[in-house]
Structure formats: C-alpha cells, structure tokens
Amino acid sequence: METKPTSGKVGVAVKILGTNLTGATSVTFNGTAATFAVVSSSEITTTVPTGATTGKVKVTTPHGTLSSNVPFRMVP
C-alpha cells in the first residue's frame, strides 16, 4: 500500500493506493484516526488528521490491516 503524497501537514489531501480496500473500516496516521472515503477497491481518499505524527499509515479492512510501504512524514 502506498500514499500519494508521502509527506504533508495536517489537512493535506492524501490518496491511499492498494488492493482489496473495499469495506475499509479505519484509516490511521501513526495511530491517529482519519476520516476517509473508499473510492474503489484500489483507492481511498483522506486528509491528514490533527495530531498525526510521522509514521506508518494503516488501513483496516475485512481482510486484515494494511500498512504503508514507507512512513508518512509530517512537515511543519
């Protein structure tokens, strides 16, 4: 799973690209929950939530939890 972009600040729009994303129940930025929308089985849109810190983006789906292949880097 990957994020586009791989860095940003609070409020930045992020696309999460992967497989089997349909039915996702949560998206977190290093443990901080984010609001999100499932666009397709391979894309989720979200924004960086307040309180997010540098680390992995995780998506929980009915098939398990997926992690970003690189940490999302927060910028001031």
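Student: What makes the contact between the side chains of K4 and E2 a salt bridge?

Tutor: A salt bridge needs a side-chain nitrogen of Lys or Arg within 4 Å of a carboxyl oxygen of Asp or Glu. Between K4 and E2 the N to O distance is 3.3 Å, so the pair qualifies. A search of the whole structure finds 1 salt bridge.

Tutor: A word on the source: this is a predicted model, where local features need pLDDT of at least 70 and side-chain atom pairs count only at pLDDT 80 or more, while totals for chains, interfaces and linings use all residues. Residues are numbered from 1 along each chain as its sequence is written, and side-chain values use heavy atoms, without hydrogens and water.

Student: Why is K4 called partly exposed?

Tutor: Buried means under 20% relative accessible area, exposed means over 50%, and partly exposed lies in between (1.4 Å probe, protein chains only). K4 has 45%, so it is partly exposed. E2, at 32%, is partly exposed too.

Student: Which residues does S40 contact, leaving aside neighbours within four places in sequence?

Tutor: They are L21 and T22. Contact means heavy atoms within 4.5 Å.
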